[in-house]
Amino acid sequence: MRAVQITRFGGPEVLDIVDIPEPVPGPGQKLYDVSTAGINFADTHHLPSGN
């Protein structure tokens, strides 16, 4: 599956589209298909800083 991954601090240029394995739910868990998601501007201040 394709996912957007953030592995370093920065602006929109740090958003990487990567291929990752399809998740498999464990016992007692459910898997939901999320086709869209949003982010608030304030959340951009909480990106990983590498510290």
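Tutor: Take isoleucine 6, which counts as partly exposed because its relative accessibility is 31%. Buried means under 20% relative accessible area, exposed over 50%, and partly exposed in between, with a 1.4 Å probe and protein chains only. Isoleucine 6 lies in strand S1; helices (H or I, at least four residues) and strands (E, at least two) are DSSP runs, numbered from the N terminus. This is a predicted model, in which local features need pLDDT of at least 70 and side-chain atom pairs count only at pLDDT 80 or more, while totals for chains, interfaces and linings use all residues. Residues are numbered from 1 along each chain as its sequence is written, and side-chain values use heavy atoms, with hydrogens and water left out.

Student: Which residues make the nonpolar surface patch?

Tutor: Patches are made of residues with over 30% relative accessible area and no salt bridge; like charges are joined within 9 Å, and nonpolar side chains (Val, Leu, Ile, Met, Phe, Trp, Tyr) within 5 Å. Areas come from the Shrake-Rupley method with a 1.4 Å probe, and for residues only the protein chains shown count as cover. Here Val4, Ile6, Leu15 and Ile17 make a nonpolar patch of about 360 Å². S1 and strand S2 (15–19) are the elements that give two or more residues to this patch.

Student: Which residue forms a salt bridge with aspartate 16?

Tutor: Side chains of opposite charge can pair when their charged atoms come close. The rule asks for a side-chain nitrogen of Lys or Arg within 4 Å of a carboxyl oxygen of Asp or Glu. By this rule the count is one salt bridge. Aspartate 16 pairs with arginine 8, and their closest N and O atoms are 2.9 Å apart. Aspartate 16 is partly exposed at 25%, and arginine 8 is partly exposed at 37%.

Student: Is valine 14 buried or exposed?

Tutor: Valine 14 counts as buried, because its relative accessibility is 3%. Valine 14 sits in the loop between S1 and S2.

Student: What is the volume of the largest pocket?

Tutor: Rolling a probe the size of a water molecule over the atoms shows where empty space is left. On a 1 Å grid over the protein atoms alone, a pocket is an open set of points where a 1.4 Å probe fits, with protein on both sides within 12 Å along at least five of seven lines; lining residues have an atom within 4 Å of a point. Grid points are joined across faces, edges and corners, and a volume is the space filled by probe spheres set on the points. The largest pocket has a volume of about 450 Å³. Of its 21 lining residues, Arg2, Ala3, Val34, Thr36 and Ala37 are the closest to its centre.
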